[in-house]
Structure formats: C-alpha cells, structure tokens
Amino acid sequence: MANVWKKVYLHHKYGLDFRCLRYPGVISVNTPPGGGTTDYAVQIFHDALSTGHHECYLRPDTRLPMMHISDCHRATVEFMQTPGCQLSLRTYNIAAMSFTPEEVAQEIRKHLPHLKVTYNPDSVRQTIADSWPVRFDDSNARRDWSWAPAFGLEELVTDMLLSVRDKRTREGFPVS
C-alpha cells in the first residue's frame with residue numbers, strides 16, 4: 001500500500017499518470033483453478049461438465065464479488081484510454097456481480113439439471129472469504145469513466161459452460 005501512496009504523491013507532485021484497478025475474483029476458462037478462495041467459481045464448471053458433481057470448499061451462502069474475464073479486459077482498456085483529466089482518483093474498484101456458490105450452482109442447473117453440489121467448507125479459505133467484502137463499490141468508476149459490466153451471472157454461466165465444453169472437447173476430454 002505504501003507504493004500506491006508514493007505513486008499518488010508522484011502524480012500530484014510531478015504529474016505521473018499512475019492508475020490502479022482493484023479487481024474482484026476473475027473467472028476465465030483459460031486459467032486453471034489453482035486452489036484460491038474464488039477458484040471454486042471456475043472449478044464448478046469443469047466439474048459440472050466432467051462428473052456432474054462439485055465439492056465446494058466454501059459454505060453455500062458465501063457471497064463474493066466476481067467478474068468475467070471479458071469484463072476485466074474491457075475495464076482495463078477503457079480505464080487506460082480515459083483521459084487523465086476525467087479521473088478524480090488514481091485507484092478504482094471495478095465490479096460486475098456478487099454471488100454465492102449455491103446461486104451459481106442453481107444457474108448452472110438451468111443448463112445441467114443433474115449437477116450435484118456438496119459443501120465441505122475449508123476453514124482457511126472460508127476465513128479468507130469471510131474477511132472480504134461481499135460487493136465492491138465501483139460507483140467512482142461508473143461516474144468517472146462510465147464503467148459498466150456486460151456480464152451478469154446468467155451471461156457468465158452460459159459463456160463458461162460453452163467455453164469449458166469447447167475446451168474439454170478440443171483437449172479430448174469427455175463431456176457429460
């Protein structure tokens with residue numbers, strides 16, 4: 001955090017065009033889950049299409065902020081293209097949606113009714129998730145550079161199921 005404040009100081013003192021975005025959990029078919037707190041939101045799609053069962057390491061009611069990778073890329077480009085004089089801050093939150101493991105499972109079941117989800121909360125990851133905000137306040141980004149996400153939960157689920165199915169098929173893995 002000290003480096004951020006140093007860069008903000010350099011912006012005010014010398015005009016350095018320092019910009020920073022704070023992202024929620026980013027969901028992408030191209031990045032395999034690595035065990036992080038929000039990785040269940042990627043793994044559930046792979047599990048839904050491979051075995052039809054997902055064991056979630058968070059409680060079903062754990063709400064976390066998330067974003068589709070396309071919105072992440074677009075937000076970054078739009079932010080960097082915004083004239084500096086429009087920015088009232090140097091650091092912004094961006095947000096798209098917040099959902100729980102059970103909400104994403106219910107949305108997946110609209111496409112794959114056979115999906116079974118069991119919950120076995122991991123105390124370390126659950127403690128981390130419980131310490132995070134359930135939503136990011138991105139009102140400054142919406143005001144200063146008209147940020148708005150294109151993907152909600154329904155669009156995210158539809159895209160991820162299609163993308164994971166295509167990826168698994170290309171890689172020769174079975175799809176249920």
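Colleague: Ground rule before we start: angles under 35 degrees count as roughly parallel, over 145 as roughly antiparallel, 65 to 115 as roughly perpendicular, and the rest as oblique. At what angle do the axes of H4 and H7 cross?

Modeller: Roughly 60 degrees. Keep in mind that this is a predicted model. H4 covers residues 101-109 and H7 covers residues 153-170. Their axes come within 10 Å. By your rule, H4 and H7 are therefore oblique to each other.

Colleague: What hand is the crossing of H4 and H7?

Modeller: Right-handed, as H4 passes H7. Glu103, Val104, Glu107 and Ile108 make the contact from the H4 side. H7 answers with Leu153, Glu154, Val157 and Leu161.

Colleague: How many residues of that contact are nonpolar, and how many are charged?

Modeller: Five are nonpolar and three are charged. The contact of H4 with H7 has no polar residues.

Colleague: What about H2 and H7? What angle do they pack at?

Modeller: About 60 degrees, with the axes 10 Å apart. H2 and H7 are therefore oblique to each other. That crossing is right-handed.

Colleague: Which residues in H2 meet H7?

Modeller: Phe45, His46, Leu49 and Ser50. On H7 they meet Leu156, Val157, Met160, Leu161, Val164, Arg165 and Arg168. By class, the contact of H2 with H7 holds seven nonpolar residues, two polar and two charged.

Colleague: Stay with Phe45. What is phenylalanine 45 in contact with, leaving aside its neighbours within four places in sequence?

Modeller: Val104 and Ile108 are among its contacts.

Colleague: Now the core. How many residues has the largest nonpolar core?

Modeller: It has 29 residues. Tyr40, Phe45, Phe99 and Ile108 have the most contacts inside it. At least two residues each come from helix H2 (40-50), strand S4 (64-68), strand S6 (97-99), H4 and H7. H2 gives the largest share of this core, seven residues.

Colleague: Which residues does the second, separate core include?

Modeller: Ala75, Phe79, Tyr92 and Trp147 are included. That second core has eleven residues.

Colleague: Zoom out. How many helices and strands are there?

Modeller: Seven helices and seven strands. Along the sequence, the pattern reads α-β-β-α-β-β-α-β-β-α-β-α-α-α.

Colleague: What box do the C-alpha atoms fill?

Modeller: Roughly 60 × 35 × 25 Å, along the principal axes. The chain has 176 residues, and 41% of them count as buried. Take contacts between residues at least 6 apart in sequence: 83% of those join residues at least 24 apart.

Colleague: Single residues now. Where does histidine 68 lie?

Modeller: In strand S4. Its relative accessibility is 3%, so histidine 68 counts as buried.

Colleague: What does histidine 68 touch, not counting residues up to four places away in sequence?

Modeller: Ile27, Met97, Phe151, Leu156 and Asp159. Leucine 156 is 88 residues from histidine 68 along the chain, yet their C-alpha atoms are separated by 6.3 Å.

Colleague: And threonine 37, buried or exposed?

Modeller: Buried, because its relative accessibility is 7%. Threonine 37 sits in the loop between strand S2 (25-27) and H2. Leaving out residues up to four places away in sequence, threonine 37 touches Tyr57, Leu58, Leu64, Arg125, Ile128, Ala129 and Trp132.

Colleague: Which helix holds serine 123?

Modeller: Helix H5, residues 123-131. Serine 123 has 55% relative accessibility, so serine 123 counts as exposed. Serine 123 and tyrosine 57 are 66 residues apart in sequence. C-alpha to C-alpha, serine 123 and tyrosine 57 are 8.5 Å apart in space.

Colleague: Last one. What is the phi of serine 146?

Modeller: Positive, about 60 degrees, although serine 146 is not a glycine. Most residues other than glycine have a negative phi.

Colleague: Where is serine 146 found? Buried or exposed?

Modeller: Serine 146 is in the loop between helix H6 (139-145) and H7. At 58% relative accessibility, serine 146 counts as exposed.

Technical notes
Residues are numbered from 1 along each chain as its sequence is written. This is a predicted model: local features need pLDDT of at least 70, side-chain atom pairs count only at pLDDT 80 or more; totals for chains, interfaces and linings use all residues. Side-chain values use heavy atoms; hydrogens and water are left out. Axes are lines fitted to C-alpha atoms, for helices over the stretch in contact, and angles run from 0 to 180 degrees between N-to-C directions. Helices (H or I, at least four residues) and strands (E, at least two) are DSSP runs, numbered from the N terminus. A crossing is left-handed if the near helix is turned anticlockwise from the far one by less than a right angle, and right-handed if clockwise. Contact means heavy atoms within 4.5 Å. Ala, Val, Leu, Ile, Met, Phe, Trp, Tyr, Cys and Pro count as nonpolar, Asp, Glu, Lys and Arg as charged, and the others, Gly among them, as polar. A nonpolar core is a set of buried Ala, Val, Leu, Ile, Met, Phe, Trp, Tyr and Cys residues joined through side-chain atoms within 4.5 Å. Buried means under 20% relative accessible area, exposed over 50%, partly exposed in between (1.4 Å probe, protein chains only).
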